[in-house]
Amino acid sequence: MHTFGRLPSVSRQELSLLIVTVVWGATFTIVHVAVQQSGPWFFVGTRYLIAGMISVLVFGRGLGQLSRAEVFAGSAIGAMIFLGYGLQAVGLQTIGGGTSAFITALYVPLVPVLQWVVFKKRPQLLTWVSVALAFGGLVLIADPARAGLTVGPGEIATVVSALPIAVNIILIGWFAGKVHLGRVIVVQLLVAGALGLATMPVVGERPPDFSWVWLSAAAALGAASCVIQLTMNWAQRTVSPTRATIIYAGEPVWAAIIGVFAGEQLPAIAILGAVLILASSLLSAFDHR
């Protein structure tokens with residue numbers, strides 16, 4: 001039952017996920033610049049190996065108690081991180097950020113659909129309305145007509161990336177509370193990084209020439225990735241995957257706001273999209289499933 005007589009409270013976990021979207025929005029441009037000077041799989045591999053090494057320094061004392069269940073959970077989540085953000089980086093080599101944001105937004109409706117298909121958790125009507133508002137807002141922010149949406153290798157790679165990103169969110173929610181947070185973080189980050197580098201010879205990608213651009217970007221995003229994954233794994237112990245996804249949909253809003261401060265213009269249609277996403281987040285707060 002939903003109560004509209006008073007505003008719903010926002011938990012620490014939900015607030016933490018909101019902060020995660022701010023970090024994502026701030027780092028989107030960094031990824032786009034970095035993959036212009038480094039192959040996407042090298043960059044993704046380096047980024048997550050750095051994140052993994054940072055997590056080892058934080059959680060290293062408990063690694064001796066690593067269980068098979070934690071290895072499995074971390075490997076499954078790490079594989080989805082590798083596929084989702086690796087393919088997204090591949091797409092960003094040839095398509096712009098607006099087009100990428102529009103296509104990647106497919107993970108928003110995918111999460112409740114996958115929850116329904118795999119776990120038989122049929123979303124409530126209010127959830128569908130929230131997801132529809134979030135997805136519509138993402139479309140308006142991306143403005144695909146302005147971005148010139150076409151179907152090419154970059155677009156196809158980004159479309160495929162939406163599925164593992166959605167599965168990643170669901171897996172984090174599934175394993176949350178069942179395994180040790182720190183040990184799983186270490187495994188998933190190291191697995192994502194190792195798979196990224198292992199993909200290079202398979203696709204014929206060669207290591208890039210040294211550049212402070214990709215190195216500093218990988219180091220900064222490695223640290224950010226460690227914090228982001230730690231926050232997601234902790235917060236999704238109590239926040240449902242669908243609710244978390246609607247919060248994550250705010251990423252392009254923050255990216256647009258940060259872009260304005262960086263000198264970019266925010267068209268009226270993007271402002272309307274931001275309003276829709278804000279509305280979806282507020283509406284989802286009434287869903288207490």
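1. Let's begin with glutamate 251, which sits in helix H12, a helix spanning residues 251–261. Is glutamate 251 buried or exposed? Its relative accessibility is 19%, so glutamate 251 counts as buried, the cut-off being under 20%. Please keep in mind here, and in every point that follows, that this is a predicted model.

2. Valine 23 lies 228 residues away from glutamate 251 in sequence, yet the two C-alpha atoms are 8.3 Å apart in space.

3. Now for the overall picture. The chain has 13 helices and 0 strands, so if you follow the pattern along the sequence you will read α-α-α-α-α-α-α-α-α-α-α-α-α. Of the 289 residues in the chain, 51% are buried. The exposed surface comes to about 13600 Å², with 69% of it supplied by carbon and sulfur atoms.

4. How much of the contact in the chain is between residues 24 or more positions apart? Counting contacts with a separation of 6 or more, the share is 93%. The individual residues in the points below give you some examples to look at on screen.

5. Arginine 183 is one of them. You will find arginine 183 in helix H9, residues 181–203. With a relative accessibility of 10%, arginine 183 counts as buried. Which residues does arginine 183 touch, leaving aside those up to four places away in sequence? They are Gly62, Leu63, Gln65, Leu66 and Glu70. For glycine 62, the C-alpha to C-alpha distance from arginine 183 is 6.9 Å, across 121 residues of sequence.

6. Valine 179 belongs to the loop between H8 and H9. Its relative accessible area is 16%, so valine 179 is buried. Leaving out residues up to four places away in sequence, valine 179 touches Ala69, Glu70, Ala73, Val184 and Arg237. Alanine 73 is 106 residues from valine 179 along the chain, and their C-alpha atoms are separated by 7.9 Å.

7. Glutamine 229 takes us to helix H10, residues 212–235. Is this glutamine buried or exposed? A relative accessibility of 3% means that glutamine 229 counts as buried. Apart from residues up to four places away in sequence, glutamine 229 touches Ile81, Ile172, Ile185, Gln188 and Leu189.

8. Next, how the helices pack. Two packed helices are described by the angle between their axes and the distance between the axes. Take H2 (residues 40–59) and H10: their axes come within 7 Å and cross at roughly 55°. H2 and H10 are therefore oblique to each other, and the crossing is right-handed.

9. On the H2 side, the residues involved include Phe42, Phe43, Tyr48 and Phe59; on the H10 side, they include Trp214, Leu221, Cys226 and Leu230. By class, this contact of H2 with H10 has 15 nonpolar, 4 polar and 1 charged residues.

10. H2 also packs with H9, at an angle of about 155° and with the axes 7 Å apart. That angle makes H2 roughly antiparallel to H9. What is the handedness of the crossing as H2 passes H9? The crossing is left-handed. In the contact of H2 with H9 there are 17 nonpolar, 8 polar and no charged residues.

11. Finally, look at H5 (residues 107–119) and H8 (residues 153–175), whose axes come within 9 Å and cross at roughly 55°. H5 is therefore oblique to H8, and their crossing is right-handed. Among the residues making the contact are Tyr107, Leu110, Leu114 and Phe119 of H5, together with Leu163, Ile165, Ile169 and Trp174 of H8. The contact of H5 with H8 divides into 13 nonpolar residues, 1 polar and no charged.

Terms used:
Residues are numbered from 1 along each chain as its sequence is written. This is a predicted model: local features need pLDDT of at least 70, side-chain atom pairs count only at pLDDT 80 or more; totals for chains, interfaces and linings use all residues. Side-chain values use heavy atoms; hydrogens and water are left out. Axes are lines fitted to C-alpha atoms, for helices over the stretch in contact, and angles run from 0 to 180 degrees between N-to-C directions. Helices (H or I, at least four residues) and strands (E, at least two) are DSSP runs, numbered from the N terminus. Angles under 35 degrees count as roughly parallel, over 145 as roughly antiparallel, 65 to 115 as roughly perpendicular and the rest as oblique. A crossing is left-handed if the near helix is turned anticlockwise from the far one by less than a right angle, and right-handed if clockwise. Contact means heavy atoms within 4.5 Å. Ala, Val, Leu, Ile, Met, Phe, Trp, Tyr, Cys and Pro count as nonpolar, Asp, Glu, Lys and Arg as charged, and the others, Gly among them, as polar. Buried means under 20% relative accessible area, exposed over 50%, partly exposed in between (1.4 Å probe, protein chains only). Accessible areas come from the Shrake-Rupley method with a 1.4 Å probe; for residues, only the protein chains shown count as cover.
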